Amino acid sequence: MTSVQPRRLLFSMTLLAYGLVFTLARAVGIAVDYASILKFCAILVPVFGAAIAYSAFRRMEPMRVALECILCGLLLTVPVGLCTYLAMGANFPLADERLVRMDAALGFDWRGFIRFVDAFPLLAEGLAQAYQSFALQLLGIPVLLAAFGRYTRCYAMVLGYGLICFVSSLISVWYPALGAYSVYGVAPQSLDHINVYFGFAFLEQFHAVRSDPDFVFSFARMMGIVTFPSVHAAVALLCAWAMWDIRLLRYPFLVLNTMMAVSAVSHASHYLVDVIAGIGIASVTISSVCFLCNLRVREPVSTSTAGMALLNKS
């Protein structure tokens, strides 16, 4: 049977996020394009709802758990995204100078690191692919966890994702930043192998929410606009933790997510301190979720033939 508490926690957080974040947006006066959000939810909820009902009726527990976690994860992208815009819309002074000083205090040579990565095309491409695995992992890992019978961990991972994003958004209120590529003046055309699209693409939305009085938040145009802390680095640790319980896959995912955390610097204009802060937030979040979900107790596993076969291999 599925652990009830983590499931209830995830559903409760998803519903609460919508209520609180949209109420806050209304309170601070940020305009929201509700049509794009309603269109997204109007497609997502009925389709997943029907699939979840079918899998429950057929007692296909792994499928039901995976679908519920993916549905909540997708639904959370709306309040999570709006929350980051609310944070940047608070319009605190840019924190790039402070973040540069923190990197300097750590002895990190950002320019030297970028030159090193750019000199190796395979390394640059590998980090680019790792960076872009963010969404794929958030969708795919729940499927793998459910297939291996790790139901509690499946709900806990998505719960952790939501908490990481909301906590990061709150902290970022005091650390809005343009990012290292802009501050150090490194143009995309000066690089041979690093694709820095994600290091610059967010700036239009970043400036708009901070300075345009007619700005309207649109889910269709939403981008990740938070620099400190790095959500990519935080989610990298979360994904590595989620898969660590499965011996067959723990090391491939550890390597992939180590690269994803590193790629936040090379491909997304983050400072090293952004990555360190993201990892710190993820560590606290994972510990909190483990406590709330009682993950110290062995989880029940799927009794399906496929699930047991995969479990025995792990």
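# A guided reading of a predicted helical model

By the rule that a disulfide is a pair of cysteine sulfur atoms within 2.5 Å, the count comes to zero disulfides. The sulfur of Cys69 lies 3.4 Å from the closest cysteine sulfur, that of Cys154, which is too far for a bond. Cys69 is buried, with a relative accessible area of 1%; here buried means under 20% relative accessible area, exposed means over 50%, and partly exposed lies in between, with a 1.4 Å probe and protein chains only. Cys72 is likewise in no disulfide, and the nearest cysteine sulfur, that of Cys69, is 6.9 Å away. Cys72 counts as buried at 5% relative accessibility.

The model is predicted, so local features need pLDDT of at least 70 and side-chain atom pairs count only at pLDDT 80 or more, whereas totals for chains, interfaces and linings use all residues. Residues are numbered from 1 along each chain as its sequence is written, and side-chain values use heavy atoms, with hydrogens and water left out.

The overall form of the chain comes next. Its secondary structure comes to 15 helices and two strands; helices (H or I, at least four residues) and strands (E, at least two) are DSSP runs, numbered from the N terminus. For 314 residues, a compact globule would have a radius of gyration near 20 Å, and the protein chain agrees, with 20 Å. This radius is taken over C-alpha atoms, and the globule rule is 2.2 Å times the number of residues to the power 0.38. The C-alpha trace spans about 55 × 45 × 30 Å along its principal axes. Of the 314 residues, 51% are buried. A contact means heavy atoms within 4.5 Å; among contacts between residues at least 6 apart in sequence, 84% join residues at least 24 apart.

Asp96, Leu99 and Asp103 are buried in α4. Seen down the axis of α4, the buried residues fall within an arc of 65 degrees, so they line one face of the helix; the arc is that of the directions from the helix axis to the C-beta atoms. The face of α4 turned away from the buried side carries the exposed residues Glu97, Arg101, Ala104 and Ala105. What covers the buried residues of α4 includes α9 (180-184) and α14 (272-293). After α4 comes Gly107, whose phi is positive, near 75 degrees.

Aromatic rings provide another view of the packing. Rings of Phe, Tyr and Trp (its six-membered ring) pair if their centres lie within 6.5 Å; planes under 30 degrees apart count as stacked, over 60 as edge-to-face and the rest as tilted. The structure holds 16 aromatic pairs. One of them joins Tyr18 and Phe22, which are stacked at 5.8 Å centre to centre with 25 degrees between the planes. Both residues lie in helix α1 (residues 4-28), four residues apart, about one turn of the helix. Phe22 is buried, with a relative accessible area of 15%. Tyr181 and Phe200 form a tilted pair, 5.9 Å centre to centre and 45 degrees between the planes. This pair links distant parts of the chain, with Tyr181 in helix α9 and Phe200 in helix α10 (residues 197-200), 19 residues apart. Tyr181 is buried at a relative accessible area of 1%, whereas Phe200 counts as partly exposed at 25%. Ring pairs also link Trp110, Tyr181, Tyr184 and Phe200 into a cluster.

Some details of the backbone remain. Most residues other than glycine have a negative phi, and most peptide bonds are trans. Arg59 has a positive phi, near 55 degrees, and is not a glycine. Arg59 lies in the loop between α2 (34-57) and α3 (61-89) and counts as exposed at 77% relative accessibility. Ser269, also not a glycine, has a positive phi of about 70 degrees. Ser269 is found in the loop between α13 (247-268) and α14 and counts as buried at 1% relative accessibility. Finally, a cis peptide bond joins Phe228 and Pro229, with omega about -5 degrees, and Pro229 lies in the loop between β2 (216-217) and α12 (231-244).
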